[in-house]
Amino acid sequence: MWALGGTLLAAVLGIGTAGGALAGPVAVLVALHALAVHRTAGLAAAGAFAAVLVTGGVALAAGAPARTVAGLALQATAMTAVVWVMGRSRRRRQAGRAAVTAYRARASSVPLLAASTERARLMAELHDVTAHRLTGIVVSATAATRLADPRLTTEATRHAAEAGRQAVAELDRLAEAAEPRTLEDIDALVAEHEGLDYRRTIAVVPPQVVVIAYRVVREALTNAMRYAGGASHVRIDGLSGELAVTVIDSGGTAAVPGLGTGSGLAGLRSAVQAVGGSLRAGPKDGGWEVRAVIPQPVDAFEWSPHGTTTDGPGLTGAGRTGGWRGSSALDGTLVILAIALSLGANLLPEDDLDPFASPGASVLLAVLFALHALPLWWRRNASRRSLVVALATIMVWLGMDIAGWPGPPINDAFLWCWWVELVLVYAIGACRRSARDWLAPAAVAGCGGLALVSGDGITGDRPAAWLVLTAALALPAWAAWALGRFVASRRRRRGTALARERDLVERDAVMAATVERHRIVGGLHRTARQHAQRVANGADVGNLEVVLAEAKAGLSALRELLAQARERDVSDDPPPTVDGIAALAARHGGAARYLGFRRPLPPVTEATAHQVARELLTEGAAVTVIFLDEGITVSGRSPTSPAVQRRLRALADAADGTLTIADGGAAQVWLPEVFLS
């Protein structure tokens, strides 16, 4: 910004000096390009606007007529628009290369993270499911053995046989993917505990919320059996946008001391916080209360067509497109360039006939320039139709020349703006893959030849002149089309290579998770599963001493497995991926939650999202990643540090995304999936 200000001042002071007329504008454009490369789009656009104002101001101060001032300002607008978009393109390329480099540098740690995540899932299942069964067996068998009551002995034996077989079946299912839970599963879990006061006041809950609620109820019931006389009340209540889960026991002494692992509530609290909820556990009325409040997911909110939430956590106006700052800015800049360059050149004084002598001719000329330039806006999505509109404008202009209109002839105008046709031909080569696309350069050459041959400077055989001019125009037209095909092919190769690289990393991650799952399941079959099976066998023959001993041995084996799992946690920095955000959040003492359909993303999007999450976690306790159709959003607490806000804005800006900071203290970064993919 200082460089741009200095060059603008020098350009003003250098007017009238030797070389100042050329050196000043060149220096301004160089500084403006640097500003577009190293700063955000808004600052660069402000710099371009300042350069246009200085250009017009200098001309006005020099006594130039208003028309000349307008012409010079339009010329300056065209040049600064081109420099702005060139700088923006370079900024995106640099950001993309940096993101890919970071992804590749840490790609080897992605399988380690996948194995660690799978290990954590299995350990949670072991702690919550199998320990729940074995704890219930120990408690009932101990009570029956101590009291020597035949009825209790019969009931304890029946319960041990049933719970032992359930534990074996659940251990066998650990080798498979986690099954979804329903509210009916919570009902069935509570029904296994007799004498409970149970109430559920909600009928429909999203599956990801039910999974957490089920874990809360199961862990709380297990702890009530371990440390008290069992739970007395269970409540599942639907609040405003939240689900409240409450489990209360009436106190008492532990039936069998030493059954706990000491990590249940800590793991449960992390799971609840990971979805943005809260967990409170503490004494109440002589007993113990566990209460979790779990919010409804963000993807249950209503999203507008532009990606803004209409009922979300204070995140309004979060656009799902870069708009004038994104890659589509190139198309708008080309339109500005075509109109400003053409109108500006015709506004400058010349010795020939003035095309702006009459208001009608002025309006018609402006309309023709606009019709010829506007197809550049749709060159990516409708390249063929855009070229047809541009060529039709040329032909209409030719017809007006023949009718004798007072404006500039088409042969002169074509020399100014036929680069528009070349850009559209390039777009056809880059954006389409059709056998008939070779007709586009031929059509441009033919129509261009008609426009040029209509001029007064052509004498003699006009058909022959048309053939010569058409052949001359065909060379650059074919070159533009071939360049488009080449660039498209290179982009496809680069995209295919990145996709193949990402797929290999994903395959290695899946394999690592599978290997880790089989390793843990194999260990379970040699330890905890054998004890659970022996519990069931002992119960079948009515031997409570064997049941009690094997159930305690199974719990001891589970404790050892949990301890070993904690020792094997990955100690390296998490990889720069979307999945790595969860491990990153855990290292910051926070949590990460994922909503929407999870899928692999381009490496640049993965690495950029991870970097955004790192910035948000410096000041927030949690981040939320939402997968949408066209990309993802990463949101968290709005940073209070101006430096963090600047870095977040720079990350979003370089990725064609947006940063939205809401009044409610939330920040959201939208990242498009197509970013440099």
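Predicted model: local features only at pLDDT ≥ 70, side-chain atom pairs only at ≥ 80, totals over all residues.
The structure holds 22 salt bridges. One of them joins glutamate 501 to arginine 104, with the closest N and O atoms 3.0 Å apart. Glutamate 501 belongs to helix H16 and arginine 104 to helix H4 (residues 66-105), so this pair ties together parts that are 397 residues apart in sequence. Glutamate 501 is partly exposed, at 22% relative accessibility, and arginine 104 is also partly exposed, at 47%.

A salt bridge is also formed between arginine 380 and aspartate 331, at an N to O distance of 2.9 Å. Arginine 380 is located in the loop between helix H11 (359-373) and helix H12 (383-403), while aspartate 331 is part of helix H10 (residues 329-347); the pair therefore ties together parts that are 49 residues apart in sequence. Aspartate 331 is buried, its relative accessible area being 4%, whereas arginine 380 is partly exposed at 33% relative accessibility.

Helix H7 (residues 183-191) has Leu183, Ile186, Leu189 and Val190 as its buried residues. These residues lie on the same side of H7, because they cover an arc of only 115° around the axis. Aspartate 187 pairs with arginine 200 in a salt bridge whose closest N and O atoms are 2.8 Å apart. Since aspartate 187 lies in helix H7 and arginine 200 in strand S1 (residues 197-200), the contact ties together parts that are 13 residues apart in sequence. Both partners are partly exposed: the relative accessibility is 22% for aspartate 187 and 27% for arginine 200.

Arginine side chains also form a positive surface patch, made up of Arg433, Arg485, Arg490, Arg491, Arg492, Arg493 and Arg494. Arginine 493, one of these residues, is found in helix H16 (residues 462-526). Helix H16 also holds glutamate 501, the partner of arginine 104 described above.

Two aspartates have a positive phi although neither is a glycine. For aspartate 285 the angle is about 55°, and the residue is found in the loop between strand S4 (278-284) and strand S5 (287-295). Aspartate 285 counts as exposed, with 75% relative accessibility. For aspartate 656 the angle is about 65°. Aspartate 656 is placed in the loop between helix H21 (642-654) and strand S9 (658-661). With a relative accessible area of 9%, aspartate 656 is buried.

Technical notes: Residues numbered from 1 in each chain as written. Heavy atoms only, no water. Patch = residues over 30% accessible without salt bridge, like charges linked within 9 Å, V, L, I, M, F, W, Y side chains within 5 Å. Areas by Shrake-Rupley, 256 points an atom, 1.4 Å probe, with all protein chains shown as cover. Salt bridge = Lys/Arg side-chain N within 4 Å of Asp/Glu carboxyl O. Lys, Arg positive; Asp, Glu negative; His and termini not counted. Charge placed at Lys NZ, Arg CZ, Asp CG, Glu CD. Helix = DSSP H or I, 4+ residues; strand = E, 2+ residues; numbered from the N terminus. Buried < 20%, exposed > 50% of the residue type's maximum accessible area, 1.4 Å probe, protein only. Arc of directions from axis to C-beta.
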